[in-house]
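Please look through the sequence and the model before reading on.

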Amino acid sequence: MECGIWKKYEKTTRKLCDERASYHDLYDDLKNSRRSWEIAQDIGECIEQLCGVYLRTSSTELNAGDIYYAMGKENMIPILYLKTVEYEIGGEKKYFVEYNGTSIAKSGITSRYLPEVIKKLKEIDLEKNKEYIEELEAMYYNHQKLLELQSKTEFTEEELLFLYEMYNRRDVDRNLVEQKIKGRNIQDDYDYFSEEGKVKLFLAIRDTELVEQLGNSSKKVMTLIAKWNIK
């Protein structure tokens, strides 16, 4: 990873102005970074991120949480951040992780940083972050597999199914998928597949424009697709 160190800003409460609270450190580190995705742009926003809103009027308002920033080694400019939040609503405890202002990792961080983010989430709390870690590990696996397929021109049924499945995903690099799918004769691929493969291919592309390139299928395959949808 290209970032240098992780820095933590702890969830806190509003303190007297002459006390050195974590939100002062957060503001000092962010005020000259000029990142469009910054978690806060002024001291007031830093306070709300680490302390929560001053007067809560609804459950949808900003919740306080610990913030972790990855800083560049030389200039200490933030490269990415995580925010972990725990709160209670209706007597039920909630927990979530935010990545660069979004709950979707791919929308907030690039794939090359995923291993470091996964590592950091494990360090923070392996059990609480288990679901997030598994999601990111799957994303990284898909990204690496797509990279491996870039140099190939002929594919196995399994590899083609993977490419078609990734085509309908929004958490992968679209460029890595489209350049391998573009120009392919989907009907030829479909005819080449096993019956199970035909079912998987149809289900993978049925919500995309690619399905329009498929002709009529056998009654048996359509029956299998119907059974698959019922499961």
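How many bridges join β1 to β2, and do these strands run parallel or antiparallel? The two strands are joined by 5 bridges and run antiparallel; strands count as paired if DSSP finds at least two bridges between them.

## Basis of the report

The model is predicted: local features need pLDDT of at least 70, side-chain atom pairs count only at pLDDT 80 or more, and totals for chains, interfaces and linings use all residues. Residues are numbered from 1 along each chain as its sequence is written, and side-chain values use heavy atoms, with hydrogens and water left out.

## Overall organisation

The protein contains 10 helices and 4 strands. Here helices (H or I, at least four residues) and strands (E, at least two) are DSSP runs, numbered from the N terminus. Read from the N terminus, the order of elements is β-α-α-β-β-β-α-α-α-α-α-α-α-α.

Of the 231 residues, 42% count as buried. Buried means under 20% relative accessible area, exposed means over 50%, and partly exposed lies in between (1.4 Å probe, protein chains only). The protein exposes about 13700 Å², of which carbon and sulfur atoms supply 46%; these areas come from the Shrake-Rupley method with a 1.4 Å probe, and for residues only the protein chains shown count as cover. Among contacts (heavy atoms within 4.5 Å) with a separation of 6 or more, 53% are between residues 24 or more positions apart.

## The strands and helix α1

Within the pairing of β1 (5-9) and β2 (66-71), Ile 5 has Met 71 in β2 as its bridge partner. Strand β2 is also joined to β3 by 6 bridges, and these two strands run antiparallel. One of the pairs here is Ala 70 with Leu 80 of β3. Because 5 of its 6 residues are buried, β2 is largely enclosed by the rest of the structure.

Strand β3 (residues 78-89) is in turn joined by 8 bridges to β4 (residues 92-99), again in an antiparallel arrangement. Tyr 87 is the bridge partner of Lys 94 in β4. The two strands form a hairpin with 2 residues between them, and Gly 90 in the turn has a positive phi of about 60 degrees.

Helix α1 (residues 22-30) has Ser 22, Tyr 23, His 24, Leu 26 and Leu 30 buried. These buried residues pack against β1, β2 and β3, as well as against helix α2 (43-51).

## Nonpolar cores

A nonpolar core is a set of buried Ala, Val, Leu, Ile, Met, Phe, Trp, Tyr and Cys residues joined through side-chain atoms within 4.5 Å. The largest such core has 22 residues, of which Leu 146, Leu 201 and Ile 205 touch the most other members. At least two residues of this core come from each of α5 (130-149), α6 (157-167), α7 (174-181), α8 (186-192) and α9 (195-205). Helix α6 makes the largest contribution, with 7 residues.

Leaving aside residues up to four places away in sequence, Ile 205 touches Tyr 164, Ile 186, Leu 210, Val 211 and Leu 214. A second, separate core of 18 residues includes Ile 79, Tyr 99, Ile 109 and Tyr 132.

## Salt bridges

The structure holds 12 salt bridges. The term denotes a side-chain nitrogen of Lys or Arg within 4 Å of a carboxyl oxygen of Asp or Glu. One of them links Arg 174 with Glu 178, whose closest N and O atoms are 3.0 Å apart. Both residues lie in α7, 4 residues apart, about one turn of the helix. Arg 174 is partly exposed at 22% relative accessible area, and Glu 178 is partly exposed at 33%.

In helix α9, Glu 196 and Lys 200 also lie 4 residues apart, about one turn of the helix. Their salt bridge has its closest N and O atoms 3.2 Å apart. Glu 196 counts as partly exposed at 47% relative accessibility, and Lys 200 is partly exposed at 29%. A further salt bridge, between Arg 184 and Asp 189, has its closest N and O atoms 2.9 Å apart. Arg 184 counts as partly exposed at 24%, whereas Asp 189 is buried at 6%.

## Cysteines

With a disulfide defined as a pair of cysteine sulfur atoms within 2.5 Å, the count is 0. Cys 46 counts as buried at 1% relative accessibility, and Cys 51 counts as buried at 15%.
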